[in-house]
Amino acid sequence: MRTRAALVCTLALALSPGRGFAEAPGEPPVPSAARQTPKEAVADAEGTPEKKPSLLIHGFLQQNSSLRATRPVQLLKVESRLQLDLSQKAPRWGFLAKTDFVYDPAAVQGSSAHVDLREGYLTWHGRSLDLRIGKQIITWGVGDLIFLTDLFPKDWVSFITGAPIEYLKKGSTAVKANYYLDDWSLEAIFIPTFQRDTFPIGEKLTHFVPFPEATASRLVLPPRTLANAELALRASRMIGGYSTSLYLFRGTDPMPSFHFDPATTTVTVRPHRLNMVGASAQGDLRGTLLSGEFAYYDTEDSAGTDPEIANPSLNLLLAAERVLRDKRTASVQLFFGDMLHHGRYEASLPTGFPRQRQLRKTVTLRLRDSLRRDTFRPTVFLLYNLDDQDFFVKAEYEQDLTPGTWYALGVNLFGGKFRHTLYGQFRGNENIYFTLRRAF
Amino acid sequence: MTKRAAIAIAVVIAAALTPSPSGAVELSGLEIMTRVEQREIGKDERSQVTLTLITKEGQRRERKLLLQRQGKADRKKVLIHFLSPADVRGVGFLVWRHPGKDDDRWLFLPALNMVRRIAAADKRSSFVGSDFVYEDVAGRDVGQDTHTLLRSEALGGQDCYVVKSVPKDNRSAEFSSKLSWVRKDNFVVIQERYADKRGEDLKLFTVDRLEVIQGIPTVRKMTMRNLQTGHRSEVTYDQVQYNLGLKDEVFTERYLARPPA
């Protein structure tokens, strides 16, 4: 299944408060402004902008642990992370280097200690042109955990094991140019080398393996040539109060194919070319935020006769979000994916292989709230695939402790009727996670 | 020109042509509140805002943000970037107000480098956890309430109109009535007292510091107290500058996604 699950917008402006002591409030005072006659502020000592340091150092310390909630009960991660965020900004230019130092003795995949350059780029701002060169997070589209036009790299292992939502996104090493012309915003992104998504591999996270007899796997990435470089274009403007965008993408499908060779019992994992044309619109209609996104995928198997490679498809997302009361907000999404050459796909599918339906339908619901002066933020996200009959549930409770410090406690649930579906394969990875972060 | 704008201008002109407050003819409640809404506050503004939330026990929580504004009343655009605390640094919030319809709102999350629209707010909901509600910040249309001039009285030595405002639609506000003390010399509201749906005291707003900056009477410090819980929120405005010539493009996604250092 090619659902491009997506990104949560935890709208919670994590507006964490500070803690301290002050005088207890007494009787409401008479407004002192009433006693003042306004006078011209000739020299305002506080009116002078603060001198900013030339180099800003920020970041956070974080503990993020995840425990498999089903048998075998097992720690999926006990991760300690220090992020150092160095930046410098001038009116015309700037740079940012955001580096994570990670130690996780129970790591699901990879080494227990590693350094990860999350982002590192230079920026330049002209009158009508902005440039950003280097490793950077790029996010497109209007979906909430349903991605259609956002084909940029993601880390599904972090997502599945309860990392903060920003870790679903991985940086792209790219040159990004934004040009502003009247009401239009034009964005061009050049990515020299395809960077693949991070999917579960190995023993710790259960997932569907269509070739149980396979003894080895081989990853074949596209050669690093100019012809294989990725190019993404977006044109945006407001139309009738709606934020609208058109998208073009020429690059590599983040969802690879799997080819099994019985002679060598080897699985070859190979990403393929993908062209995408898309559009989105988002705006208010009488207090309800409406969103729509469309994407046509022109895959490498344009004839639709190779079942190992994704079939060309039309994809549509419709969504509505509304504040119910105070800050309690509900949103619903409907996703439709239409495989264009389903007949050829079925005809070419080997006997016994799981069969995808032509039209796939997904519904999601999200409820979120912000309580006790925005210091308690519960959210629940439900996703159900109507055809595959599988589901994903994420429930999280986030609370501020002190200024810049918060913790989150959450649960990820997966399930489904079949083992081969997107979320059905993760049955057994249900987990409870905990995050404590202190930002500075 | 919309009908609403025409009415507002007519009210202001009519008010300007009437004798001064010291004269024989007093302004009506609607005329006073229209002049409050339409008073000169500059074409645009930039200021650094400190919002301090203080519990009944005296515990304080503080956040700082950079605020940029263009226009006023129901044709206002506001761009906010949070400067602190550290976990929300760089988060941006853009609001376009429109006469007679819901605001357009955008949010920028720097960790995801993502700009997205967000649903129109419940205008009675708290603004970032403070005692101010969303419409205290974004503004409440004069036409949503019925305004009655109750009396004139001095407050802290300043001549003020005391105007009672009652929502025309009871569901449109968190209060059932509001008393405003409006200075006669500059039409700045220096105190408001809110009553809840039961008619009991709900909140008290006071202006604690007022200065003239670039010829514009400017609130430099104000407080909103919840009289029922004892919680209060203080707001101070520093580095206030008017008429900077902020262009329309500042209030777009381009600048929303470019937080200050």
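Visitor: How many bridges join β11(A) to strand β12 of chain A, and in which sense do the two run?

Guide: The model is a predicted one. In it, 5 bridges join β11(A) to β12(A), residues 266–270, and the two strands run antiparallel. Among these strands' residues, A:Ser257 has A:Arg270 in β12(A) as its bridge partner. Two strands pair if there are at least two bridges between them, and with 5 bridges β11(A) and β12(A) therefore count as paired.

Visitor: What makes β8 and β11 of chain A edge strands?

Guide: The open sheet has 3 strands in the order β8-β12-β11 (chain A), with mixed pairing. Both β8 (216–219) and β11 (257–261) of chain A pair on one side only, and so they are its edge strands. From one strand to the next, the twist averages 25 degrees.

Visitor: What does chain A contain as a whole?

Guide: Its secondary structure comes to 2 helices and 21 strands. Of the 440 residues in chain A, 37% are buried. Among the chain A contacts that join residues at least 6 apart in sequence, 60% are between residues at least 24 apart.

Visitor: Why is B:Tyr134 called buried?

Guide: Within 10 Å of B:Tyr134 there are 22 other C-beta atoms. The cut-off is 20 or more, so B:Tyr134 is classed as buried. B:Tyr134 belongs to helix α3 (residues 134–138) of chain B.

Visitor: Which residues does B:Tyr134 touch, leaving aside those up to four places away in sequence?

Guide: B:Tyr134 touches B:Ala121, B:Lys123, B:Ser125 and B:Phe127. As for B:Glu40, 94 residues from B:Tyr134 along the chain, the two C-alpha atoms are separated by 22 Å.

Visitor: How do you know that β12 of chain B pairs with β11(B)?

Guide: Strands β11 (residues 201–213) and β12 (residues 216–226) of chain B share 10 bridges in the antiparallel sense. Pairing requires at least two bridges, so β11(B) and β12(B) qualify. B:Phe205 stands opposite B:Met224 in β12(B). The hairpin of these two strands has 2 residues between them, and B:Gln214 takes a positive phi near 50 degrees.

Visitor: What joins β12(B) to β13(B)?

Guide: Here 5 bridges link β12(B) to strand β13 (residues 232–242) of chain B, again in the antiparallel sense. B:Met224 has B:Ser233 in β13(B) as its bridge partner. The hairpin of β12(B) and β13(B) has 5 residues between the strands, and B:Gly230 in the turn has a positive phi of about 85 degrees.

Visitor: Which residues have the most contacts inside the largest nonpolar core?

Guide: They are B:Ile32, B:Met33, B:Val36, B:Val182, B:Val188, B:Val189 and B:Ile190, in a core of 50 residues. Strand β3 (residues 77–84) of chain B gives the most to this core, with 5 residues. Apart from that core lies another, of 42 residues, including A:Val157, A:Ile189, A:Phe249 and A:Phe381.

Visitor: What does B:Val182 touch, not counting residues up to four places away in sequence?

Guide: The contacts of B:Val182 include B:Ile32, B:Val36, B:Cys160, B:Phe187 and B:Val189. In soluble globular proteins, nonpolar side chains tend to be buried together.

Key. Residues are numbered from 1 along each chain as its sequence is written. Chains are lettered from A and ligands numbered from 1 in the order in which they are written. This is a predicted model: local features need pLDDT of at least 70, side-chain atom pairs count only at pLDDT 80 or more; totals for chains, interfaces and linings use all residues. Helices (H or I, at least four residues) and strands (E, at least two) are DSSP runs, numbered from the N terminus. Axes are lines fitted to C-alpha atoms, for helices over the stretch in contact, and angles run from 0 to 180 degrees between N-to-C directions. A residue is buried if 20 or more other C-beta atoms lie within 10 Å of its own, exposed if 12 or fewer, and partly exposed in between; C-beta atoms are placed from the backbone. Two residues are in contact if their C-beta atoms, placed from the backbone, lie within 7 Å. A nonpolar core is a set of buried Ala, Val, Leu, Ile, Met, Phe, Trp, Tyr and Cys residues joined through C-beta atoms within 7 Å.
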